[in-house]
Amino acid sequence: SALAAAKSVWSNEVRYVGIGAMLVGGIWTLTGLREPIAAGFRHLWRVSRSLGGQERAAAAGLLRTDHDAPLPWLLGPLLLCLLLMALLYRQVVDSLPVAILMTATMAIAAFLFSSVAAYMAGLVGSSSNPVSGVTIATIMGAAWLLVAVLGTGHPAGPAATLVIGAVVCCAAAMGGDNLQDLKTGQLVGATPWKQQIMQVVGVLAGAVVIGPVLGLLHAKYGIGEMTPDHPHPLSAPQASLMASLATGVFGGRLPWSLVGLGAALGVGIMVWDERLRSRGSVWRVPVLGVALGIYLPLKLSAAILAGGIVAELARRASRTGEGGQSGLLCSAGLVTGEALMGIVLALPIALSAIWPAIGSDPFALVGAPPYGPWPGLAALALVVWLLYRVSLLPPSHP
């Protein structure tokens with residue numbers, strides 16, 4: 001069908017163009033973040049030196065909301081994690097020098113790309129965090145490096161590449177999530193170091209829970225690839241693409257021409273945006289935003305576009321000429337509700353794996369939806385209209 005053909009073109013060609021553009025956009029964004037990152041390190045060092053108590057922090061001119069976790073609290077666990085990852089990499093590639101190289105590559109990529117992902121999450125929102133893009137960029141770079149060290153025919157090369165990409169993926173995801181948490185804490189007057197402690201607790205809890213859940217789903221349904229035991233596995237398009245990238249680089253089958261086209265497109269957009277900035281134009285074309293639009297599937301890009309149109313219409317209709325805060329709060333509630341419903345809908349699938357009476361497809365109980373996709377489209381239109389109406393309300397409105 002036409003829809004399947006369009007998805008195939010996007011998955012096999014357009015996405016690789018977006019990857020090349022995101023590589024250029026990520027590097028360019030990092031150059032613009034060098035001063036904020038340096039300022040953050042200076043602030044962290046100043047806070048760590050004032051660790052003698054709240055009195056010393058106050059003497060250093062620090063507010064309660066500026067009191068981050070001290071530097072030793074961060075460096076100790078970081079070094080321990082790097083040591084454990086080096087031991088894991090050594091088991092994968094059976095070479096200590098290569099394991100050290102992989103650890104250094106992982107640490108540098110995780111630091112750089114988590115900064116980019118957190119920056120984009122702060123601009124657009126955590127739901128548009130380009131985790132897949134930065135992970136793919138890491139996999140490509142790591143695979144290229146490991147090919148030079150191990151050779152194209154090394155059997156452990158793809159696995160080693162994916163292990164590096166998995167760590168950077170988690171770092172980028174947590175970077176966006178933590179930035180949203182700390183930003184919210186700043187708005188309500190929270191103390192950062194207390195938030196950071198609970199963020200560590202959240203990471204540990206997720207690490208304990210996610211592994212067994214994924215193992216359970218894989219044992220029941222399979223994930224990604226079809227097998228005789230699992231003819232209808234759960235889809236994992238991002239993971240399958242990353243595995244294809246790793247094996248493609250080691251096998252010499254990666255479409256470098258498409259990646260290069262995306263990189264050239266990113267350079268052109270970057271030059272255009274700088275010309276607009278130098279002329280003082282109110283219109284800007286951020287290269288990472290355009291690259292994100294190329295890389296993301298249409299269903300996500302369309303939602304972002306719809307939200308932007310609603311915001312612009314609300315701004316024009318508002319008496320003050322500014323978008324109302326009520327619309328922002330309503331949007332935050334919609335995102336939270338969608339995430340909670342995702343968890344609720346996942347419960348029957350997880351329970352069916354341990355309770356066969358539910359059936360292999362618990363959602364088959366409701367049957368085929370009547371009238372096709374039109375009721376869902378009508379519900380979406382209603383949500384957009386309500387969001388527009390709410391955006392016109394004053395911030396003090398209940």
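The model is a predicted one, in which local features need pLDDT of at least 70, side-chain atom pairs count only at pLDDT 80 or more, and totals for chains, interfaces and linings use all residues. Residues are numbered from 1 along each chain as its sequence is written, and side-chain values use heavy atoms, with hydrogens and water left out.

I begin with the whole protein. Its secondary structure comes to 14 helices and 0 strands; helices (H or I, at least four residues) and strands (E, at least two) are DSSP runs, numbered from the N terminus. Of the 398 residues, 31% count as buried. Buried means under 20% relative accessible area, exposed means over 50%, and partly exposed lies in between, for a 1.4 Å probe and protein chains only. Among contacts with a separation of 6 or more, 69% come from residues 24 or more positions apart, where contact means heavy atoms within 4.5 Å.

I turn now to helix packing. Helix H7 (residues 157–188) and helix H8 (residues 192–220) pack at an angle of about 145°, with their axes 10 Å apart. Axes are lines fitted to C-alpha atoms, for helices over the stretch in contact, and angles run from 0 to 180 degrees between N-to-C directions. The crossing of H7 and H8 is right-handed; a crossing has that hand if the near helix is turned clockwise from the far one by less than a right angle, and is left-handed if anticlockwise. On the H7 side, the residues in contact are Met 174, Asn 178, Asp 181, Leu 182 and Gly 185, and H8 supplies Pro 192, Gln 195, Gln 196, Gln 199 and Val 203. By class, this contact has 4 nonpolar, 5 polar and 1 charged residues. Here Ala, Val, Leu, Ile, Met, Phe, Trp, Tyr, Cys and Pro count as nonpolar, Asp, Glu, Lys and Arg as charged, and the others, Gly among them, as polar.

The second contact involves H10 and helix H11 (residues 287–295), which pack at an angle of about 140° with their axes 9 Å apart. H10 passes H11 in a right-handed crossing. Leu 265, Gly 266, Ile 269 and Met 270 of H10 meet Val 287, Val 290 and Ile 294 of H11. The class count for this contact is 6 nonpolar, 1 polar and no charged residues.

Asp 273 also belongs to helix H10 (residues 256–278). Is Asp 273 buried or exposed? Asp 273 is buried, with a relative accessible area of 7%. Its side chain is joined to that of Arg 284 by a polar contact of 2.9 Å. A polar contact is a pair of N or O atoms within 3.5 Å; within protein, one must be able to donate a hydrogen and the other to accept it, and residues adjacent in sequence count only if both atoms are side-chain atoms. Leaving aside residues up to four places away in sequence, Asp 273 touches Arg 284, Val 285 and Pro 286.

Next, the aromatic rings. A search of the whole structure finds 1 aromatic pair. Trp 144 and Trp 256 form this tilted pair, 5.1 Å centre to centre with 40° between the planes. Trp 144 lies in helix H6 (residues 131–150) and Trp 256 in helix H10, so the pair ties together parts that are 112 residues apart in sequence. Rings of Phe, Tyr and Trp (its six-membered ring) pair if their centres lie within 6.5 Å; planes under 30 degrees apart count as stacked, over 60 as edge-to-face and the rest as tilted. Trp 144 is exposed, at 56% relative accessible area, and Trp 256 is partly exposed, at 36%.
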